[in-house]
Amino acid sequence: MKVCDLCEGQSTKSRNSKPHENLIKVDEARIFKGKNPRGFEEQDYLCMECESKFTQSTDKNDLPWTLWRG
Ligand SMILES: [Zn+2]
């Protein structure tokens, strides 16, 4: 399925931005405690419009919004 405009926009958004209106949370946030003592979180989202999947990460070394393209 084609990625909708909202998802295309979301993939370029900053770390602090909110998920767009058609994104719903999938499962609970995953908390990583690795080398960084403060750890970071990942949260999966699914778009109800185009069924794209996103992962939002608070890891500074990762993309804030990763769009998983089929
Ligand atoms: Zn979408």
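Student: What should I know about numbering and confidence?
Tutor: Residues count from 1 along each chain as its sequence is written. The model is predicted, so local features need pLDDT of at least 70 and side-chain atom pairs count only at pLDDT 80 or more, while totals for chains, interfaces and linings use all residues.

Student: Which residues make up the largest nonpolar core?
Tutor: Cys-7, Leu-23, Tyr-45, Cys-47, Phe-54 and Trp-65. Such a core is a set of buried Ala, Val, Leu, Ile, Met, Phe, Trp, Tyr and Cys residues joined through C-beta atoms within 7 Å. Buried means 20 or more other C-beta atoms within 10 Å of the residue's own, exposed means 12 or fewer, partly exposed is in between, and C-beta atoms are placed from the backbone.

Student: Is Cys-4 buried or partly exposed?
Tutor: Partly exposed, because Cys-4 has 17 C-beta neighbours inside 10 Å.

Student: What is Cys-4 in contact with?
Tutor: Cys-47, Glu-49 and Cys-50, leaving aside neighbours within four places in sequence. Contact means C-beta atoms, placed from the backbone, within 7 Å.

Student: Switching to strands: which residues are on the covered face of E3?
Tutor: Phe-54 and Gln-56; Lys-53, Thr-55 and Ser-57 are on the uncovered one. Strands (E, at least two residues) and helices (H or I, at least four) are DSSP runs numbered from the N terminus.

Student: How does E3 pair with E4?
Tutor: In the antiparallel sense, over four bridges; strands pair if DSSP finds at least two bridges between them. Phe-54 has Leu-67 in E4 as its bridge partner.

Terms used:
Contact = placed C-beta atoms within 7 Å.
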